[in-house]
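Reader: I am new to reading protein models. Could we go through this one by question and answer?

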Amino acid sequence: MTRNTVRQTGLLLGTALVCGSALAENISLTSALNDGTVYGDFRLRYENVDQDNALKDANALTLRSRLGYKTGHYYGLSGVLEFEDSRAIAGVDDYNDTQGQTPDHSVVADPETTEVDQAFVKYTNAGFNGKIGRQVITLDNQRFVGAVGWRQDRQTFDATRLSYALSDLTLDYAYITKHNRIFAQGGDQDAKDHLVNASYQSSFGVLTGYAYLLELDNVPDNSLDTYGLRYTGRTDLDGIGVLYELEYATQEADSAGAEADADYYKALAGVQAAGVTVSLGYEVLGSDNGNYGFSTPLATLHAFNGWADQFLATPNSGLEDLMLTVTGSLSGGKWVLAYHDFSADEDAAGTDDFGSEIDVAYNRGFGQHYSAGIKYAAYMAGDDAAGKVDTNKLWLTLGAKL
């Protein structure tokens, strides 16, 4: 299926829906537009990065502004147009924004950009949802497909997405033609991706099966096929909540004729009591004989394997992450404390110490429209973490939504 075919199909579908609805009943398109809403989302953030290497410390003060308009409904049809702007308040001389201007500083991946963040038409009817255009797509916990909402220029996709919910069963399919990544327009990628996700809700939890078939359009013989199963749930026992999560996936990669395969699995158990949640998890991104590490290029990577972002790309020897997380409430806000122990999944030399990390955060809302947060990550490099150094990161955030 070519990109032109997708566009033509979307245009024909939208035209048919509008014409069919107009013939069935007389509804004013003008009223649907007048019933729309304007919204705004603003985030001011200071980020400091201190690394034990020759790079200068990064100090970034950036403002992300997001303005959008959502129409009312017209026979199940609606639309969204949204713009996003990211600006460095104090210039870009004090951090490497990934655009090559200040390579002597540590990286803060928030380049300046102004772009159309979302622009789509949506049709909803009796459990069916269809969406065509530039949009946010998040699946499950965003381990494989997410919006990377932590960065100021979030990730969106040019895609056609169809979903259907019937009682406890949900079916989801998306065809993606472009990745609008977090590195401004220069980092975008043409693609031919198929995403399939099906989930079933039972009284004990949610069982999900998925197939994510990724292919970059500008690289010959480039594909990444992932198939997996995921189960998550919660059970109450005498006032104590018991959490559990199990997931397994297998992946086949083909890049310029070089083939590789690797497995992924995760197990997590936790308890909730007296407003505090404690969980212990073990996640493995496997390796193919030390030559390839399990990859999740469309994920919200910041949410996994430590906030210091030292393992955004899986090492060829794979990655094991043993994590302990404690969360709770304090003074109207929420706090998080996490510890990670990193090691290699497979290493022929017998060295596998990738280091450890401590993460802590506190976030709180004020009134109906405002929020503030502080977040800190301290990564301690291991003896075998090639290319890694001790890294400390600090974030101070203010947010407002209209």
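Predicted model: local features only at pLDDT ≥ 70, side-chain atom pairs only at ≥ 80, totals over all residues.

Reader: Which residues line the second largest cavity, and what is its volume?

Author: The lining is made up of Leu139, Asp140, Asn141, Phe144, Val145, Tyr210, Tyr212, Arg230 and Glu247. The volume of this second largest cavity is about 30 Å³.

Reader: How many cavities of 30 Å³ or more are there, and what volume has the largest cavity?

Author: The count comes to 2 cavities of 30 Å³ or more. The largest cavity has a volume of about 70 Å³.

Reader: Which strands each supply at least two residues of the lining of the largest cavity?

Author: The lining of the largest cavity includes Tyr212, Leu214, Leu224 and Thr226. By class, this lining has 7 nonpolar, 4 polar and no charged residues. The strands that each supply at least two of its residues are E9 (206–214) and E10 (222–237).

Reader: How many aromatic pairs are there? What is the angle between the planes of Phe144 and Tyr210?

Author: The count comes to 14 aromatic pairs. Phe144 and Tyr210 form a tilted pair, 5.3 Å centre to centre. The angle between their planes is 45°.

Reader: Where do Phe144 and Tyr210 lie, and are they buried or exposed?

Author: Phe144 is in the loop between strand E5 (128–135) and strand E6 (156–166), while Tyr210 is in strand E9. The pair links distant parts of the chain, 66 residues apart. Both Phe144 and Tyr210 are buried.

Reader: What kind of aromatic pair do Phe311 and Tyr379 form?

Author: The centres of Phe311 and Tyr379 are 6.1 Å apart. Their planes are 80° apart, and over 60 degrees counts as edge-to-face. The pair is therefore edge-to-face.

Reader: Why does the pair of Phe311 and Tyr379 tie together separate parts of the sequence?

Author: Phe311 lies in the loop between strand E13 (276–285) and strand E14 (319–330). Tyr379 lies in strand E17 (370–381), so the pair ties together parts that are 68 residues apart in sequence.

Reader: Is Tyr379 buried or exposed?

Author: The cut-off for buried is under 20% relative accessible area. Tyr379 has 1%, so Tyr379 is buried.

Reader: Is Asp140 buried, exposed or partly exposed?

Author: Asp140 lies in the loop between E5 and E6. Its phi is near 55°, a positive value in a residue other than glycine. The relative accessibility of Asp140 is 39%, between the 20% and 50% cut-offs, so Asp140 is partly exposed.

Reader: And Ala274, is it buried or exposed?

Author: Ala274 is in the loop between strand E12 (258–273) and E13. Ala274 also has a positive phi, about 55°, although it is not a glycine. Its relative accessible area is 85%, and over 50% counts as exposed, so Ala274 is exposed.

Reader: How far apart in space are Lys178 and Leu216?

Author: Lys178 lies in strand E7 (169–180). Lys178 and Leu216 are 38 residues apart in sequence. In space, C-alpha to C-alpha, they are 8.8 Å apart.

Terms used
Residues numbered from 1 in each chain as written. Heavy atoms only, no water. Helix = DSSP H or I, 4+ residues; strand = E, 2+ residues; numbered from the N terminus. 1 Å grid on protein atoms, 1.4 Å probe; cavity = no way out; pocket = protein on both sides within 12 Å on 5 of 7 lines; lining within 4 Å. Points joined across faces, edges and corners; volume = space filled by probe spheres on them. Nonpolar A, V, L, I, M, F, W, Y, C, P; charged D, E, K, R; others polar. Phe/Tyr/Trp six-rings, centres within 6.5 Å; stacked < 30°, edge-to-face > 60°. Buried < 20%, exposed > 50% of the residue type's maximum accessible area, 1.4 Å probe, protein only.
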